[in-house]
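Please look at the sequence and the model before reading on.

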Amino acid sequence: MSYQVNEKGYYGEFGGAYIPEMLYPNVEELRSRYLEIMQEESFQKEFKELLKEYVGRPTPLYFAKRFSEKYGTKVYLKREDLCHTGAHKVNNTIGQILMAQKLGKKRIIAETGAGQHGVATATVCALMGMECIVYMGEVDIERQSPNVARMKMLGAKVIPAKSGSRTLKDATNEAIRDWINNPVDTHYIIGSVVGPHPYPDMVARFQAVISEEMKVQLKEKEGKEDPDYVVACVGGGSNAAGAYYHYLDKPEVGIIAVEAAGKGIDTGESAATSALGKPGIIHGSKTLLMQTGDGQITEPYSISAGLDYPGVGPMHAHLFASGRGEFISVTDENAMKAGLELAKLEGIIPAIETSHALAIFEDRKFKKDDVVVVNLSGRGDKDLNTYIEYFNL
Ligand SMILES: *Cc1c(COP(=O)(O)O)cnc(C)c1O
């Protein structure tokens, strides 16, 4: 059994492209061309060069000595927080803007919730001198004003979504409407391993640079390419997909996915999709999602904006359903403590999303000689106010 996508765009029973008829030409153009374009030598050369010179890759694989001592195992941190813009998201937006150029597109659209993906998209549009339109819920625009300012500085136009709950899902609807109306000149940059096929696979391939580097770095440091475990937090699942990618079909490498339990799985304020979700369709993909008995999507909650999503990508739904992945959920409280702990033990302030992955070591014990790689998806600068309020700093 393979845990990669199959030719029809499915991971097990999950994935596919459940889209309105009017969107079919756009998605089909991308589906029929993405692999061939990604495999072109000129594409690979440009992608690798930008990752090196602009993003700052390879990111270090850092042995966290004091953290390891505390938890009695060998913990390495894959430092995606050191990427330009402070998180892994830019790996994907670099890949997709090159894809858009190869497809002859002139205009980029994106949707954003907390604004992180909007900033990563606006960044690469500035880099390439392309028009950038970011849809964002009106409520989110108020809540995330620093990211709105960043996008504006980078030259993007931020358009408020004013319908429904005026948050991420409404912004997504607006972006889809725009794409339907502009099928020829516009590329839609989706920010995680979600959406209709081929997005989950395409985004996973762009993020796969994370595990590609891990293999080389582990070989240097441990004499073998494979860790015993790879740990990552999962919102939509893109940093996790990149960290797992080259280990998916190696059963000897344990895969650990960490979701946000919010205030607790049973409190009604959670984003622990594997624990609470059922199969359903969201953003054009069949996957696990949190929903009511009659199929209405449940409003998710997490203290971290990046994990506050009611579904997971289809790769992760399959890793869960097949038992290949071990899924753990972590509360706001435990994540916040783990973030503070990493700051004090290693001098690294992680994003609150990432803090969820770091929190598992309290309860999930590893052997002394286990090599455990945690994907440090992002840095905590953007979360400073949340840390300040939470700990009265
Ligand atoms: C956006 C974000 C996430 C969640 O997104 P994934 O697609 O699940 O990776 C995690 N960590 C950071 C730092 C983020 O910015």
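**The ligand and its surroundings**

An oxygen atom of the ligand is 3.2 Å from a polar backbone atom of glycine 236, a polar contact being a pair of N or O atoms within 3.5 Å; within protein, one must be able to donate a hydrogen and the other to accept it, and residues adjacent in sequence count only if both atoms are side-chain atoms. The protein buries 97% of the 380 Å² that the ligand exposes when taken alone; such accessible areas come from the Shrake-Rupley method with a 1.4 Å probe, and for residues only the protein chains shown count as cover. This is a predicted model, in which local features need pLDDT of at least 70, side-chain atom pairs count only at pLDDT 80 or more, and totals for chains, interfaces and linings use all residues. Residues are numbered from 1 along each chain as its sequence is written, and side-chain values use heavy atoms, with hydrogens and water left out.

Q: Which residue has a polar side-chain atom 2.8 Å from an oxygen atom of the ligand?
A: The ligand has a nitrogen atom 2.8 Å from an N or O atom in the side chain of serine 377. For an oxygen atom of the ligand, the residue with a polar side-chain atom at 2.8 Å is asparagine 239.

Q: How many polar residues does the shell around the ligand have, by class?
A: The ligand is surrounded by 15 residues, the closest being Lys89, Ser192, Gly235, Gly237 and Ser238; a residue is near a molecule or strand if one of its heavy atoms lies within 4 Å of it. Ala, Val, Leu, Ile, Met, Phe, Trp, Tyr, Cys and Pro count as nonpolar, Asp, Glu, Lys and Arg as charged, and the others, Gly among them, as polar. By these classes the shell has three nonpolar residues, two charged residues and, as the number asked for, ten polar residues.

**Strands and helices**

Q: Which residue in S14 is the bridge partner of lysine 78?
A: Helices (H or I, at least four residues) and strands (E, at least two) are DSSP runs, numbered from the N terminus. Two strands pair if DSSP finds at least two bridges between them, and strand S4 (residues 74-79) pairs with S14 in the parallel sense over six bridges. Within S14, lysine 78 has as its bridge partner asparagine 375.

Q: How many of the residues of strand S14 are buried?
A: In a regular strand the side chains alternate between the two faces of the sheet. In S14, Val371, Val373 and Asn375 are buried on one side, and Val372, Val374 and Leu376 are buried on the other. Buried means under 20% relative accessible area, exposed over 50%, and partly exposed in between (1.4 Å probe, protein chains only). For S14 (residues 371-376), the number buried is six of six.

Q: Why is helix H9 largely enclosed by the rest of the structure?
A: The buried residues of H9 include Tyr199, Met202 and Phe206. Helix H9 (residues 199-207) is largely enclosed because the number of its nine residues that are buried is eight.

**Individual residues**

Q: What is the relative accessible area of valine 90?
A: Valine 90 has its place in helix H4 (residues 89-102). This residue touches Val55, Cys83, His84, Thr85, Ala120 and Val124, not counting residues up to four places away in sequence; contact means heavy atoms within 4.5 Å. Valine 90 is buried, and its relative accessible area is 0%.

Q: Is threonine 85 buried or partly exposed?
A: Threonine 85 is found in the loop between S4 and H4. Its phi is positive, about 80 degrees, although threonine 85 is not a glycine. With a relative accessibility of 29%, threonine 85 counts as partly exposed.

Q: What is omega for the cis peptide bond that joins arginine 57 and proline 58?
A: Proline 58 lies in the loop between helix H2 (41-55) and strand S3 (61-63). The peptide bond that joins arginine 57 to proline 58 is cis, with omega about -5 degrees.
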